[in-house]
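Hello,

Here is the structure I promised to hand over. My notes follow below it.

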Amino acid sequence: MSGSATSDLLLSVDGVTIDYSGFKALDGFSLTLNRGERRVVIGPNGAGKSTLCDTIIGRVRPSEGRVIFKGEDIHRLPEQQIVARGICRKFQAPGVLPTLSVRDNLALAARKDRRWWKSFGTGIPAEEKQAVDEALDMVALTHRAGVEAGTLAHGEKQWLEIAMVLATGAELLLLDEPTAGMGPAETSRTAELILSLGDSRTVLVIDHDMSFVEQLAAPVTVMHQGRFLKQGSIAEVRADPEVAAVYLGHTA
Amino acid sequence: MPDLSILSARLDPVKPVLPWLLLALGIAAPFALSAYDLNLLARFMAMGIVALGIVLIWGHGGILSLGQGVFFGLGGYAIAMHMKVADLPAGEIPDFMLWSGRESLPLWWTPFASPIFTILAILLVPALLGALFSWAVFHRRVGGTYFALITQAMALAFATLIISRQDVTGGFNGLTDFYSVFGFGLSSPGVPTGLYWVTLALLCVGFIGLRWLLASRFGMLLRAARDGENRVRFLGYSPTPFKVVAFAIAAMLAGVGGALFTLHAGVVSPALIGVVPSIEMVVWVAIGGRYSLAGAVVGALLVNLARDAVSSAFPELWLYLMGALFIFVVTLLPRGLAGLFKGKGA
């Protein structure tokens, strides 16, 4: 990893501190991702995993440190500009738009021109329509395209939101607990979906379902109390006594 | 909650023809109603235009405004000022100004002598003020109850301001005694009916325009921001302009409604635009159906009809009755009367 050329570097979270009036959700945390990489971040509750996502997409602003995406410091950009640079996040609780149809949810995600004064039409460019159809196909929701997203089953909502994140065309996908509330079969399908992306997208997954993390076959970063704790393969991390003490100890 | 689905299933086939039925009744009204009743209907239709805007912001945008009376009043006062100034012999000033000890027309009254300026003011002043005000609030990411409270305060402040500047606004009594508008004598034959047609036409324009807007991607994004503002933001849209534009359009419709109401009622005063009237506007829409354009217009008509019937006989009773009606609708019919018609409404 250390040998890879710097041009492969996509994201660098550099010494970021998020201070909630005294409580440091992130405490000088750093992380780098290369183009096409898949990475899993784990850690006990309150370790700062979701705050990490919040920081990258601009929902919270660091008091110290920087977030460099494609060589540009993005940590002060407005949220919609961060999205426009190519970062999209799936929220922990499904964030689909409940009163819009599944297809309309995806159409809004796939839309390239998101300025309000370009919103008075109804037509969808062929290229965006294709992106919507591909996304529907990828999460096997084509037969549900016309229903209101709020009526979907929980797992389907999670997949729809993953499809929305994909349909934005973002290079970097942040998936915050994509399998929350899913059974084992659905979890496996979600893992397959993420694996099927190959190295076409860079994916950062946050989860604490260890069987899911194993299926993703990706390097694991362990966080604890807002700080970096360990990094390695899932087997290495499992074998690490320090990690076991703070995290895996609860479930092992 | 009682099951109203049997009723709604029965009403279902009526739904597509309902707007046409209402339009037919609206066209037939001048031939069937007395001059007094036609005037009443025209006032209620003007309020229906205000209600359309509330559907846009409250139903589809999730923005509860308890201050639409301000925009209603801006439209109403604009046309009233025009009528006061246009009828004056050169060099004279309205009588209420004389009584308050003024000797000349305030500078900001003078352009209202022009019909074109007045029409532009009716359309643009509420829209621009609505845009500025809502932008100032929404871009700070203030919303929900706080927004409703701020609009309520705005209604109170506006009414207080008008009352306190008796010499230039007519104060508590408002502006009244109008004789002509844009060169037409208000009591000349055919003019009241003509103003009725104008009101019906503008109601239709508002209805069709908003139907189109709500069906466009703009409407989709407005509903999306209502249901998941963060999701919309992190899909790369800025939700603020969608809400601001919707609020400005609703303000403009309230201004047009206020101007038409003033023409038909022959008066505009703080009592018609303050806190209570602003809340009443929301109640019409809650009763008619906050997601449905047709429902809101029907709500405005029915509630005002009921108000007229009840308050002439038992003036004290009306507020209690309206309160009871509001509670009934909110608890049993969250989609208002339009909710009786299955489906989602326009």
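H2(B) gives the largest share of the lining of the largest pocket, 11 residues. Helices (H or I, at least four residues) and strands (E, at least two) are DSSP runs, numbered from the N terminus.

Two points on conventions. This is a predicted model: local features need pLDDT of at least 70, side-chain atom pairs count only at pLDDT 80 or more, and totals for chains, interfaces and linings use all residues. Residues are numbered from 1 along each chain as its sequence is written, chains are lettered from A and ligands numbered from 1 in the order in which they are written, and side-chain values use heavy atoms, with hydrogens and water left out.

The pocket

The largest pocket holds about 1000 Å³ of space. A pocket here is an open set of points on a 1 Å grid over the protein atoms alone, where a 1.4 Å probe fits, with protein on both sides within 12 Å along at least five of seven lines; lining residues have an atom within 4 Å of a point. The volume is the space filled by probe spheres set on the points, which are joined across faces, edges and corners. Of the 39 lining residues, B:Leu18, B:Pro19, B:Leu22, B:Leu23 and B:Val298 are the closest to the centre. Helices H2 (18-32), H3 (35-60), H9 (191-215) and H14 (293-313) of chain B each give two or more residues to the lining. By class, the lining has 32 nonpolar, 5 polar and 2 charged residues. Ala, Val, Leu, Ile, Met, Phe, Trp, Tyr, Cys and Pro count as nonpolar, Asp, Glu, Lys and Arg as charged, and the others, Gly among them, as polar.

The interface

In chain B, 27 residues are in contact (heavy atoms within 4.5 Å) with 32 residues of chain A. About 2600 Å² is buried between the two chains, and carbon and sulfur atoms give 65% of that area. Buried area is the accessible area (1.4 Å probe) that two parts lose on being put together, summed over both. B:Arg217, B:Arg231 and B:Phe234 supply 31% of what chain B buries against chain A, more than any other three residues.

The sheet in chain A

An open, mixed sheet of 6 strands runs in the order S6-S7-S8-S3-S9-S10 (chain A). Two strands pair if DSSP finds at least two bridges between them. Strands S6 (87-90) and S10 (227-232) of chain A are at the edges with a single partner strand each, so one side of each has no neighbour in the sheet.

Best wishes
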